[in-house]
Amino acid sequence: AQAASAAEPAPARVALSAARLVAPDQDKVIEHPLVLIEGERVTEVRSGGAAPDGYTRIDLGNATLLPGLIDCHVHLTGDPTLSSGNYYKDTLQRSAIDDAVTAHLFAQRTLEAGFTTVRNLGAGEYIDVALRNAIDRGTLAGPRILAATLPLGATGGHADDTTGFSPTIQFHGQTGVADGVDAVRVRVREDVKRGADVIKFMASAGVLSAEESVGAPQYSQAEMDAIVDEAHRWGKRVAAHAHGAEAIRMAIKAGVDSVEHASLIDDEGLKLAKQHGTYLVFDIYNDDYILAEYARLGFPASMTEKEKKVGRLQRESFRRAVKTGEKLAFGTDAGVYPHGWNGKQFAKMVEWGMTPMQAIQAATTNAADLLGWADKVGAVAPGRYADLIAVDGDPLADIAVLEHVRFVMKGGAVVKGAAAR
């Protein structure tokens, strides 16, 4: 035992410095920060001063440091750059195996874009669990992942891949489709059994699927109540996909932890969200990409027409949510547009009502709180993971600099940028 203990290397010690540190947990900027790191954790944050003896120094000069960013809504198993230009060909010829062999590429792009933690809200065949585990083992490079596995959905709804196809066509494989109170409880248990960190369900219709509606409820109140009750029983938080106002209200009443998209939320929904402490996760960048690119990518016109109905209204809903002081967390739905572009949403959030600091807090402290990881990520502070990024310039003056992250550290290891000296 003594020999084994003696063979264990001491944790690496790193002293990281830059011109400034945006500290969203303190709502301030720290000038000339010195961040001391041992192993994968931050041990101290100082303003100024020299690095202690025995530390490897990384000096990023005039850069701005921030906590590693968090995206609460991604789909690492898909990307529009994989499209052949024919939606039906891709649907019928691609399989979960195709998704599995490319997912690590998108995980690495996400990490190098500065997002050190993500919530992957839905993946076929439990690919996100396998990807999470490989990253945690150090086999692959990527962000910390909270995996949702198969999202729950009603027959004929947003999670039902057979909707819109001939009844003679059958898709084989795992499915999250479940109907009725007992069946949705079983489905939650199956997701937990297979490694889910969070449960996601389709409270309403959606845009990129074949059902006619874009926002109508697709589960009853009793079914939503059962999903949330069962997930919370197993210690899992719940994210509800919901565009329509009625479905949003139903999901909040059921006790979900976050509403994704929230496109058509009304005043009653905003009041309910505040009363229940529900986070709203608006993906307000991807409307631009869908309307610009999805026709060229071969998606059915019915889907882009649905996007036209909700895109602008979602941004207006976001503005109202900012004004009413709702709990807002950063989520992009990346995978609908290319991974690695996650940072493009910051500019939209500022354009539609947030201050730059609020936008950064949505992707750090707020996001960490939503995930239940406020003691792990979202801030540069003693005891937290040493997840840090750096950008040139000042993101509080020009939020768009977050689209060009030059340095990324995850768990004390530099994965992009300056070499240590």
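Ala, Val, Leu, Ile, Met, Phe, Trp, Tyr, Cys and Pro are counted here as nonpolar, Asp, Glu, Lys and Arg as charged, and the others, Gly among them, as polar. The model is predicted, so that local features need pLDDT of at least 70 and side-chain atom pairs count only at pLDDT 80 or more, whereas totals for chains, interfaces and linings use all residues. Residues are numbered from 1 along each chain as its sequence is written, and side-chain values use heavy atoms, with hydrogens and water left out.

By these classes, eight nonpolar, two polar and six charged residues form the lining of the second largest pocket. A pocket is an open set of points, on a 1 Å grid over the protein atoms alone, where a 1.4 Å probe fits, with protein on both sides within 12 Å along at least five of seven lines, and its lining residues have an atom within 4 Å of a point. The volume of this pocket is about 250 Å³, and Ile135, Asp136, Gly142, Arg144 and Lys410 are the closest to its centre of the 16 lining residues. Helix 5 (127-137) and strand 10 (144-147) are the elements that give two or more residues to the lining, and helix 5 gives the most, with three.

Helix 5 also packs against helix 4 (residues 103-112), at an angle of about 55 degrees and with the axes 11 Å apart. Helix 4 is therefore oblique to helix 5, a term for angles that are not under 35 degrees (roughly parallel), over 145 (roughly antiparallel) or 65 to 115 (roughly perpendicular). The contact (heavy atoms within 4.5 Å) joins Ala103, His104 and Ala107 of helix 4 to Ile127, Leu131 and Ile135 of helix 5, and comprises five nonpolar, one polar and no charged residues.

Helix 7 and helix 8 (residues 245-254) pack at about 40 degrees with their axes 8 Å apart, which makes helix 7 oblique to helix 8. Here Gln221, Met224, Asp225 and Val228 of helix 7 meet Ala247, Met250, Ala251, Lys253 and Ala254 of helix 8, a contact with six nonpolar, one polar and two charged residues.

Note on methods:
Points joined across faces, edges and corners; volume = space filled by probe spheres on them. Helix = DSSP H or I, 4+ residues; strand = E, 2+ residues; numbered from the N terminus. Axes fitted to C-alpha atoms, helices over the stretch in contact; angles between N-to-C directions.
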